[in-house]
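These are my notebook entries on what I looked up in this structure, written for someone who has not seen it before. I kept them in the order in which I followed the questions.

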Amino acid sequence: MAGGRIRAKIRRSHLYTFACYRSPTTQEDSPHDFQGPGFSRMVYCNQPQMHEQKPLKYCTNYISTTKYNVVTFLPKAIFEQFRRVANLYFLLAAVLSLTPVSPFSPVSMIAPLVFVVGLSMAKEALEDWRRFIQDMKVNLRKANVHKKDGAFALKPWMKLRVGDIVKVEKDKFFPADLLLLSSSYEDGICYVETMNLDGETNLKVKRSLETTLPLEDDQTFKDFSATIRCEDPNPNLYTFVGNFEFDRQVFPLDPSQILLRDSKLRNTAFVYGVVIFTGHDSKVMQNATKSPSKRSRIEKQMDRIIYVLFSLLVFISFISSVGFIAKTKRDLPKWWYLQVPDQDSLYDPGRPLTSGFYHLVTALILYGYLIPISLYVSIEVVKVLQALFINRDIHMYDEETGTPAQARTSNLNEELGQVDTILSDKTGTLTCNQMDFLKCSIAGTPYGMRSSEVELAAAKQMALDIDGQSQASTPQSWRKSGGAFSEVELETVISSKDERPAIKGFSFEDVHLMNGNWLKEPNADNVLLFFRILSICHTAIPEENEETGSYTYEAESPDEGAFLIAAREFGFEFCKRTQSSIFVRERYPSFQEPIEREYKVLNLLDFTSKRKRMSVIVRDENGQILLLCKGADSIIFDRLARNGRTYEEATTKHLNEYGETGLRTLVLAYKKLDEAKYSAWNEEFMRAKTSIGGDREGMLERISDMMEKDLILVGATAVEDKLQNGVPQCIDKLAQAGLKIWVLTGDKMETAINIGYACSLLRQGMKHICITTMNTDAIVEDPNKAIKENILMQITNATQMIKLEKDPHAAFALIIDGKTLTYTLEDDMKLHFLNLAVGCASVICCRVSPKQKALVTRLVKEGTGKTTLAIGDGANDVGMIQEADIGVGISGCEGMQLFAGCDG
């Protein structure tokens, strides 16, 4: 395709106030000033041939997660086999059997040894071959690469070189770490899903430099050349420093222009990028660890037993030899019929010590069956058969994808029964990463009859609990509403799911709002506003299915997608977005006759983790200007007007009930704006948006705050992050068995806590210990030291609280974020952290990087000395899985790099 695609004329950056601001050119003219080690990488764009010789020759884009290669297999595999003390002993016995003093044929000793070692090596070769095949599937994926004269052609990932220009299309993975040059949007932004790297499901907005925007199709790369000087390869996913030299100018680069390998392009037709880091230099591979050689505890225990048995064997043989020396010296000359000394001088009364030594060797071989080689043969065969049984286990077969279980190594089968601590990823492992709109509260009235999975699990538990002792741990809201569910009620709740076709993202059920019945509600005006906020306050893109005529939505987060699906089902279908307008097909005032209405988007104050809210300012068809807002309850309630708090008490009650049942909640509010006041505010807002200076973001925050005040509360939403089947019951059983469960996730703390409740990891009545990093005062001389002292104090106080707890049934949950973990994993603090964590029933680590996952796993494994099992489903979990005693990989939608590194 010589000409590329027609570029989308919508400038998506218009939607974003905070996420993708581009500084004016005058500010871009100040490049980063870096010198010395750590910043030596030079990339010649569109000139990959420049990187074929040193010092600019960088590693290829070929990746390998195997333990062996053709050259190293024999020496490394033999070394692995003879790490087993038993095999060393059998080798010694085989060597001795070749001597003249051996009482039987050498074949009887050598053949079993060759069989055991050969079988083990064949098994290792097969398992490593599977890793190699998985690696090659990745390496042979095709990428669209610029050849010359503006022509692009497909090339395997493994053949990519630093400096190559790559074109990546929608829903494809990035083949290497790229610098974004341009995209299908004319303002050069694109959407990236980083689930594979950090577990986060919301899309990230990336934006190219303004100077590369003209590179909009294939032909523009015919004579393109530029130079990048940047940092050397490192594992930091969220940082990047570099300069881009183009057209005799130098522009600074930051992480917002970097597209990382194994992340996916979403909501964008295509992007052009230049390869910066390839293969094992890429940030995701820098976070990976080498495939370790794992040995089970039983195998290590058997080594110790072999030492004991060998010592016993030597002792018995030595006693036997001492007796033989005495007999040889005293009695052997009398036994003339033995014809001593013999021809080989093995039995010579004149040299009893020599004869005794020969007898010692004979005795070692003769009594050698004290250490049975047949046992090792049996164990190896049993392990292989066990692995085959695991692979064919119908209970671990996934019908949806047709994927069976795969035991990628059979060395660790016996470890499964000795696990003490389970370390799990969240997104895609505990949850399906599928948000369902379940309940809502509008104008103080709750809607939604269906129960969440947490409620159902609790109801089943209460139904089974004859004594009713579980009543104490039931959330108060459930007890108020009538205590335990009856079996009939439980069947009704569960079977009601099959009454109508399932709609992905929408599990709501309440006749009061469906099929236009909301028009009969006493608070119909508020319901109308609620539905309009759902259908207008977002940054999604609608995509029409030509066959069915229905719309699917490319949203930045699963929550946003669920809101739009809910709005559609309620009769408010978002159907079109232009540069300045949103079009909604509303079934109002008549549900039977939809009317397409246009809302002009004046401003959009996008969601950030700091703001915890999102607002859109629109003008409706009547000319009325409205601010529509959704956000966290703690944020929105602080911004309500006096006359906007009518439903606050009732909504707060409903939010608490939703939170107790593991649902994720958001509050919706609005306010009407006066034309003159809006114009004055907008003038000030645009002035701040185009200002130059370090305080620009602060100014935007303050001006946005001025607008997002005096809101009127409309209601609240409750969506459920669907758990994988059986997760709450599984975690409950594991907890009953005394296993400790740690969740290591890249998600933010609030999300992780909600899921903790949903999957029974956190329970009502559990005491939370949150360890966080304080904000250091600028006056403090050494901020790092102050932060460490503060964290250590928090850990010490929490440890003391656990020790002083008098209630024997009290349970504690530790919650800590990635920034704090950076300090707690340092040598002088990690044991204090581990002591606290071991005293807690559950541990949740939020915002952790892949490297931190691996370090936490290593700390638990080495610090407790007990068996650890790690489970995950993405490339960000590889380090954790390889570090644990047992690594389990789940086959999901997050790419396949994980399975090259797991054990099963």
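Predicted model: local features only at pLDDT ≥ 70, side-chain atom pairs only at ≥ 80, totals over all residues.

I began with strand S24 (residues 664-673) and strand S25 (residues 712-723), which pair in the antiparallel sense over 7 bridges; two strands count as paired if DSSP finds at least two bridges between them. Helices (H or I, at least four residues) and strands (E, at least two) are DSSP runs, numbered from the N terminus.

Residues are numbered from 1 along each chain as its sequence is written, and side-chain values use heavy atoms, with hydrogens and water left out.

Next I asked which strands form the open sheet, and in what order. The sheet has 9 strands in the order S16-S15-S25-S24-S23-S22-S21-S20-S19, with antiparallel pairing. Strand S16 (445-447) and strand S19 (572-577) stand at the edges with a single partner strand each, so one side of each has no neighbour in the sheet. Neighbouring strands of this sheet are turned by 30° against each other on average, direction ignored.

Helix H13 (residues 524-536) lies across several strands, including strand S15 (431-442), strand S20 (581-586) and S25, and runs at about 55° to S25. Helix H17 (residues 675-689) packs on the sheet as well, where it touches S21, S22, S23 and S24, and its direction makes about 45° with that of S21. For these angles, axes are lines fitted to C-alpha atoms, for helices over the stretch in contact, and angles run from 0 to 180 degrees between N-to-C directions.

I turned to strand S26 (residues 740-744), where 4 of the 5 residues are buried, so the strand is largely enclosed by the rest of the structure. Buried means under 20% relative accessible area, exposed over 50%, and partly exposed in between (1.4 Å probe, protein chains only). Strand S14 (residues 419-424) runs parallel to S26 and is joined to it by 4 bridges, and Ile 422 has Ile 741 in S26 as its bridge partner. S26 is also joined by 4 bridges to strand S29 (residues 842-846), again in parallel, with Val 743 opposite Ile 844 in S29.

Is Asp 606 buried or exposed? Asp 606, in the loop between strand S21 (595-605) and strand S22 (613-619), is buried, with a relative accessible area of 3%. Its C-alpha atom is separated by 9.6 Å from that of Cys 537, 69 residues apart along the chain.

Last, I checked the backbone for exceptions, since most residues other than glycine have a negative phi, and most peptide bonds are trans. The peptide bond from Tyr 588 to Pro 589 is cis, with omega near 10°, and Pro 589 has its place in the loop between S20 and S21. Asp 171 has a positive phi of about 65° and counts as partly exposed at 39% relative accessibility. Asp 262 also has a positive phi, near 75°, but is buried, with a relative accessible area of 6%.

Terms used. Contact = heavy atoms within 4.5 Å.
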